[in-house]
Each structure stands twice: as C-alpha cells, then as structure tokens.
Amino acid sequence: MQAQSTEARTVAVIAEMRGLEGPLLPILHGIQHEFGYVPTESLPIIAEALNLSNAEVHGVATFYHDYRKHPAGRHVLKLCQAEACQSMGSDRIAAQVQAALGIGFHETAKDGSVTLEPVYCLGLCACAPSAMLDGQPIGRVDAETIAEIVAEVRS
Amino acid sequence: MGLVQEIDFGTPASKAEKQVTLTVDGFTVTVPEGTSIMRASMEAGIAIPKLCATDMVDAFGSCRLCLVEIEGRAGTPSSCTTPVAPGMVVHTQTGRLKDIRKGVMELYISDHPLDCLTCAANGDCELQDMAGAVGLRDVRYGYDGDNHVFAKSRNALEGGVANMRWMPKDESNPYFTYDPSKCIVCSRCVRACEEVQGTFALTIEGRGFDSRVSPGMHQPFLDSECVSCGACVQACPTATLTEKSVIRIGQPEHSVVTTCAYCGVGCSFKAEMRGDELVRMVPWKDGKANRGHSCVKGRFAYGYATHKERILNPMVREKISDPWREVTWEEALSHIASEFRRLQYQYGRASIGGITSSRCTNEETYLVQKLIRQGFGNNNVDTCARVCHSPTGYGLGQTYGTSAGTQDFDSVEDSDVIMVIGANPSAAHPVFASRMKKRIRQGAKLIVLDPRRTETVTSVHAKADFHLPLKPGTNVAVVTALAHVIVTEGLFDEAFIRERCDWSEFEDWAAFVAEPQNSPEEVEKLSGVPAETIRGAARLYATGGNGAIYYGLGVTEHSQGSTTVMAIANLAMATGNIGKRGVGVNPLRGQNNVQGSCDMGSFPHELPGYRHISGDAVRDIYDSLWGVKLDNEPGLRIPNMLDAAVEGSFKGLYIQGEDILQSDPDTHHVSAGLAAMECVVVHDLFLNETANYAHVFLPGSTFLEKDGTFTNAERRINRVRKVMAPKNGLADWEVTQKLAQAMGLNWNYQHPSEIMDEIAKTTPSFQLVSYDLLEREGSVQWPCNEKAPHGTPIMHMDGFVRGKGKFIRTEYVATDEKTGPRFPLLLTTGRILSQYNVGAQTRRTDNVVWHAEDVLEIHPHDAEQRGVRHGDWVRLKSRAGETTLRADVTDRVSPGVVYTTFHHPDTQANVITTDFSDWATNCPEYKVTAVQVGLSNGPSQWQEEYAEQARMSRRIEGRLEAAE
C-alpha cells in the first residue's frame, strides 16, 4: 500500500470528506488516520482543495496537539498533568513512567514501541491520577499499573 | 511641517444611519449604531488603552487592555468588542480597570525585551506607549522562566542552554524584518493580511504560550504566500514587523501626503521623511482610492529614485553610435531647439512631433501637448494610451458619451456580481483587488473572463464562481454570447432601456445578438468556453443584483479592442447596470496617469477634455489664449510617426517618460523608425531602451521631486506633492517650459498650480478644479464644474452624457493573426505583481527577488510535445521575430496558449508581437500572437546583438563603463 504517494493518499482522503460542512477538521482527522500523523506535504494539498491558504491550514493543524507532525510509536501513553491529578501525585507518576520507559514527554522510545505525552485533563478527576493508553482511560494510576502498562507496551 | 497625524479609532466605522447617544467619562457622545465603545470614546477625544485593536481591522478582543466598566452591567467588558447602546454610561478609568491593565501590561512586558533605546520602533511603539499610559513601573516576573526573548536560557541552573522557544529574526523579505522575540501575538498582522489584503498568508501557529505568528507553514516570509503588501508591517504595534528602511535610517520627523506613481489605482501615501531622505511610504487612510491600503510596489519599490543608474545631467551626441557627452541644460535645450527648427525648415512643419507620458503629471502632459500644438505648430502628439486604453476612449465615448470609467472604487462595496474581463487585478491593480476580494468574501459573486487561470480566478476565499477561459482573440464573440443569453432568455431590464436608451437601437441590437451564430453553443466552438459556463455567467450577471464590470488590457489590446469595449457597454446598458453605486463599466487603467494624459489632449485628434481638433469653437479658445492658429487636421499617431520616419518624412521626436522601444509592438519596426530620425529627444529617469536611439537625453524627475496632479482610473484628480528637490535640478514641467522658451515661446509658469488654472479655464470638465479645491477636498473626480462642484463619483446618474445610451452591433471578426502549421500556439502577455510594465523602475528595486526574469508559461501537453521541461531555455518565434526565455510548465494556461510578461529588456517580448492593431484606434494587438516554441541553447542572435548595441550606446564620455 505504501506504493501510493502521499499526494495521492491525501487527495483520496479529501475526496471522501470535502462534501461535509466545515470539512477541514474531518479531513485532518482522516489524514491522521491514514498516515498515523499529518504529513506537512498534505497541508498545501488540503489548502488548495478547500480554497484556503497554506497558513490557515497550518494554523489549524498546529492548534490541536493531537494532530501529529511525526508518526507516533506503536502505543501512545498519555499522562494527565492537570490540577486534580497534580494534587494526587501525577508528577511522581510521570517521573516513574519516564524512568521505566527511558523517555521524556513528547518522546518516542528508540524501538518505536511507545510515545509518551502529557495531557491536560481526561475528565477522570474522580479517579486521579489518570492516564490513557491507546485511547483507553486508566484511573488511579500507581506503581502496579505502571508496571502493567510498561509490560504491555514492551510486549 | 511635522508628521501627518492620523487618529486610530481602534475599530472600523459603522455605516449605520441610526444614531446612538451615550456617556463616556461624563462626556456625551453620539455615534452611529454598531460603533464600538472604543471608537465612540475616541470620537469624544478619550483614548482607551489598547494593543490588539486598530481601525484597519475588525475588533478581536484579545489584548484585555481596553476593558471598561459600564454602569448597570457586570464585569469589565472589552470596549473594542462591545457596541454602544442608547443611554449607556461608560467609565474608562477606574481603580479596578487601572489594576487590571497594569497587571496585563506586566505580563506582556515579562515576555518582551527591554531594549527600547536601541529598538527600531523607539518613538513609534504602541507597547511602549501603553506601558506609559497604564503607568507600568515594575515587572515582577523576571526572565528566568519560559520566554521567547533570549536565544539562551537565563536561568542560573541551566544558564547558557539554548532556549527552544526563541526564534531568530527573519530577514528574508527585502523590505521588512520579522523579529519573533518582540511579538506580543496581538494578531493584528494576521488580521490585516486576511481582512485588508485578503491573502491569508499569516496565521497564529500553536496555542497558549506556544502561539507564534507564522508566515505560511512556519516558513520565511519570502517563501510563504506573502505578497509583501506591507499591511502587516503597518498594523504591527511593536518592532516585530519593521521596515528595513526604518531600521537603517531611524524614525521620520515629517511627512507629506502624495500619490503613488505606479498603476491606475492612484493610492494616496504619506511620504515619511527625515530631512530630504525618504524613510518610508505609508498609505493614507483618507485616500479615497485606497482607503489606507497599498501594494508591494507603492509602499516599498521607490528605490529607483536614488538608483545609481539614474541619469542626472543632460547629454547630447551627434550620432547614435557615439558615446554620450554631458552638457549643461542650456546647451542641451538650445541644441534641441535649433535641431527641431532645422528639421521643420528642411522637411516641413509636420516632420517633428512628441509623445506625452502617462507617468508624468497632468500639468506636464498638458505642457508637452501645448509645446507641440503651439510651438511645433502641428498635432503630432500621441501618448502611451495609444497602446493600452485608446479603445476604451473610443468605445465608451461612442456608447455613453465619456471616455472613462463610470464608478469610483468605493462603488465595489455595493456590488453583488463582479465581472472581470481581461484583467488580473491581483497582480496589476492589487489594491483594487483587495477591495474587490473583501466584497467577494462578504458574498458577492465573481465572474472572470481570461485565457489564464490567474490569481484573480483562484484567490483564497474569493474564488471565481465562473471562469471563462476563452481562446485569445475571441472576446467579442464571448461577450456577445453573454448578451445573446440575456436577450433570448428575457433577462434584460426593459424599463431602464426604455428610459435611458433608444428603444429602436436596442431592438436592432437585440435582433443581432439573438442570431444563432452568437449563441453560446456556436461560440463554444471558436472560444473553447463551454456553452453552459457562458449561460451560467450571463444569468448570474443579469439577475444577481448590482452587476459591475471591470476590464483591462485583455479587452483593449486586440484587433477588435474597441468592439469589445462596446460589447461590454451594451451588456451593462441591457441589464440596467449603469448610473448608481455598485454597478458600472470600469477600465482598470494601467498607469498612474494614463487617464490624465488622455484627458489632457495627448491624442493627435483631441484637445484637452476630449474635444475634437476639427471643432472651430474649441480651437478658438486656444487660438486666442496661445496666440496661434491651430492646425485643424489631426496629427500622426505613434505607429504613423514611425511609418513616416521609415519613409523619410518624419525626422524629430520629443519623448517624455515613455520607452516605446520596449513597450510598443514589433520592436524591429520601432527601432527602424527611431534610427531613421535625425533628432530623437528622450526625457527620462534612465537610459531606457529607446534612449539607445536618442540624440539628446534630458534627465527626468521622479514623482517625489515635483508638484502636480495624477488622475486615476476612477477619474480622481489626486495631488502629487514635492517631498525632495529634483536630483536632476529641474522638475519635468520646468524642463518642458525651458524647451518651449528655447524655441521662442513666451511661457512663464511659476508653479504647476498655474498650469492647472489654465487647464480649468479652457476645459469644461475641469472648470472648477484648482489646487485650492484639491487642498480642501483631498481629491476630486471630474467632471468638476458648475453642475458638479464637488466632482462626480458616479457618472450617468440621471441619463447618459451623450443623451441616450447607444447600443451598437458587435460583429465578431476573427483576427488576421491566426495559428497555422508554422505558428501553432497563441501567445498572450501580462503583468505580475512585483514588476511594473517595462520594469524601468521595479527592476531597479529589490522587487527583483520575486521576478528576476520573464518566463514562458506553457501547458504540460504542449511542453511534452516539444520535449520542453520546466526551466528549459526555449525559443519563442513569431512572424515578427524571435527571442529566448525559460519555460514554466503549468496548467494555468490552456493547451494551445502560451503566456509571458514584458518586464525585462533582455527578453523583449515585443520582438515577437506583430503590427496588427485595433481597427478604430490602432491600439496594438499585444494579446494575440501566433507563435512556435522550441528548445533552445540560450539567447537568440538578436538578443546578443541587441545587448551589445545597448552597451555601446550607453557609453558616457569621461566615465568608465560600469563593470558587468
């Protein structure tokens, strides 16, 4: 499938979504789904198709942290760093996870297994500190959960 | 003198009629409904602190400095986003507001360098002003934490580590710099780019503390979509976006309002000066053509005025193969006078003539035609409008009775459907394009007739609803097909036609356009435009509300140029789109004063005010004033002068500010004509291409160096004001006057205002125009006379000038310039944004970074057939000649069509163009030439010979040749 060029794959995603009302965000989602990130080369193609400027598309794509500039690892782990989780020791949890995985925030493990990111509130304050692994929320993160998470991403 | 101060009201004016009265800090103020509290306060003379608001863009409400308290309302709303309400009581300074503002400013300054003393914006910085206004005395936060200010961390623990947030200064644009470390992210630049210019080249990338202004996709300005109009620089409240000239020179101390000398939009500028040094040009908000906006040429490309190649001394030579010899003004002028008199004695009174300039002032143009009519005793005067808009004069004169556009530029704000024909305003009339695009973003529809998919067709957020990519040369057929649809589908405005036009003439015309050969289906076959597109465009124009037509040289520069102008005029009359705001027929004039040069009697058959030379009553006016007997026969047009020169009967020519060798068609013929003359006088800033054939060179003055007036495309007479002394010693009008005196005429004008007085006295449409009036009104649109003492923004309001509007049949006749086996492609020509016409000025500025050479646009299909790849050297050949340039393979042009610009003398696109011309006015057919394209190794033999000849003819005695 990689034989198809970035341009052709971008054009295909645009063709599918451009009829929607306010199609830019759905298209960016589609691109991220297609590539696992939003390639810079895709942005001018989207801009031209929607009669927007490159700058506008760049502005939108960079506004949302979830639109990635680079491919993520096989797993994505997000640790909540917002106020409620901070009060329940998310700093300490973050330090432990970083030590266990050997990477900091916004980094991907050398073997491509996992990308670690901070997140500011998952709406799970009642179960703080919280995290999210590949879209699955995890509450009351502690040393044990960390071990499980590490095991899963390394498997 | 001081700087011309303009009040920034913070938010744009409301156009509402209903008035609202409120109280601000105890003062009562009445403003239109919809006005912001900020603007209302400023109207009352109370300035509310602000950073993100400026009246060129809509309110944004992000800086949180302009907060106010309103009695009876909770909180502290921002005054820029809160509209006034009747009886509202506003307080702009309370203890609570002062505290909030000081706190906000403290945060701003905590991420801003404190290098005010050495900062380029020192003295012109709103951040500095606001710090003063809110009484900021202390910044408690320090710079140890996150910041965008320092390249390296200042934190003691990690000192010296690179600061990842810091971004270096972007100096890629030749005219301004972007220093992100000084940015307060107020978004004024982003909004100016979107709302004022309409390019959307800037954005805010990221979010929160990561937010940064980004040109394009985090690119340098030069690589982004930026068109360098400078609106962002003007909008920036800090030194983040700053003119390089201000960085180099410092802040200006006085300014003078004047008029741009590039295109026919005629933008008003403040020339901001330090002494006699021009620091920067800033568009003037009160300028009625541009309303405070500008383009890259007007704002930045004035460096030619001080370019080292500018000639400052008169020069003479015996033969054009001799080097130039610098002489005094007296010697040069008496040499011309004696030569011209000798030629007239030897070859007859009609053996000499002159060409007026569309780049010079009305007063200068008037003097040149006066010199020819009074001094030379003939009517051999013509102007460069011959090669651009002469068909407009003829076509609109025939149908409506005036030779000019019907509207002012403000009118576009009320248009619902805008039809652009044979024009690319985004490149050639950028400030008008910005105003048009603003209206399109508000919902107006756009129809474009152009062989190319131009920037105007594909503008961001202002895309054309219909693009009719017609084959060059088929304008008449396509415009008549539009009329066919309007007539056969009954979309015409019968009431308007019955009231304003001659009904029987309409019936005759309607019967003609309804004939089957004018149907979209038939016209599709020859124009290549799908019939359904023609039908859709016609229906939209006829039924979409106020329909306005703007057209350019793509209409006029054809063998049927005048016919197309009349076809356009018919279309507007048939749909009732004449005589009110939002409608009309408007030529987009190419040059700053091409309207004025036509008005001033530059044509061989017309005296000032478009009065035919054969009219006895008109001639009497001048006969008695000038004390001569004017010739009642029209003189020679430019092409006729050249023909006569080749035949040997035309021997001397005074050319003020025009480069006919480069700008007129069929260069070989022009050069042969010039070479056959015995005394060619070129009066110009530079040794232009025509000067290679000149015997006398008179140095010209720039628009910065003289007083006068320019008349723009909307008939607006704008003042040009002297901001520095002429570097060549004399303003152009003084040179012409001295030449006249040398030829024995008793001229004694002390100031251009006296010339305008003479124009007003002798020309009915200028009757009340005077410098006093212009000083009072700012500008005025002719006709300005007893009937319209304040000028005429919109023509034909109560009936056409000629009485009844005249419908004229517009039979399509294909040009004789046809493709065939030897020349299978059609060449058409145009302009790009950064360059201006033959480029004599813009090539001598940093604008060359955008366009270093002319290229040939060719469709991939045609390129492939010829084995041409992008960037290859190609030979472009027509029946008239050949040249070489690089290929740009693009589908902007249709198969079968190639396109180039004519900005560079090395290319000389006009070597290719032929001598076909408009049937009525001789306007050359630049827009259609049958050509062949093939691969080439480099410059043609002609180009090499020409370059050598140009080098030889530019030698000046006693000076070393400039190293190449």
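In chain B, the centres of domain 2 and domain 3, taken over C-alpha atoms, are separated by 36 Å. The domain bounds come from an automatic or database domain assignment. This is a predicted model: local features need pLDDT of at least 70, side-chain atom pairs count only at pLDDT 80 or more, and totals for chains, interfaces and linings use all residues. Residues are numbered from 1 along each chain as its sequence is written, while chains are lettered from A and ligands numbered from 1 in the order in which they are written.

The assignment for chain B lists domain 1 (19–134), domain 2 (327–388 + 595–748), domain 3 (402–587) and domain 4 (825–953).

The largest nonpolar core holds 184 residues. Such a core is a set of buried Ala, Val, Leu, Ile, Met, Phe, Trp, Tyr and Cys residues joined through C-beta atoms within 7 Å; buried means 20 or more other C-beta atoms within 10 Å of a residue's own, with C-beta atoms placed from the backbone. B:Val478 and B:Leu482 are among the residues with the most contacts inside this core. Helix α13 (residues 475–488) of chain B gives the most to the core, with 10 residues. Helices are DSSP runs (H or I, at least four residues) and strands likewise (E, at least two), numbered from the N terminus. Not counting residues up to four places away in sequence, B:Val478 touches residues including B:Leu449, B:Val523 and B:Ile534. A second, separate core has 86 residues, including B:Ala645 and B:Ala863.

Chain B also has a barrel. Six strands close it in the order β29-β33-β30-β32-β31-β34, with mixed pairing. Strands pair if DSSP finds at least two bridges between them. Strands β30 (residues 855–858) and β32 (residues 882–889) of chain B run parallel, joined by four bridges. There, B:Glu857 stands opposite B:Asp888 in β32(B).

Finally, the chains meet. In chain A, 12 residues are in contact with 18 residues of chain B. Helix α4 (residues 54–63) of chain A gives the most to the chain A side, with seven residues.

Definitions and conventions:
Two residues are in contact if their C-beta atoms, placed from the backbone, lie within 7 Å. A residue is buried if 20 or more other C-beta atoms lie within 10 Å of its own, exposed if 12 or fewer, and partly exposed in between; C-beta atoms are placed from the backbone.
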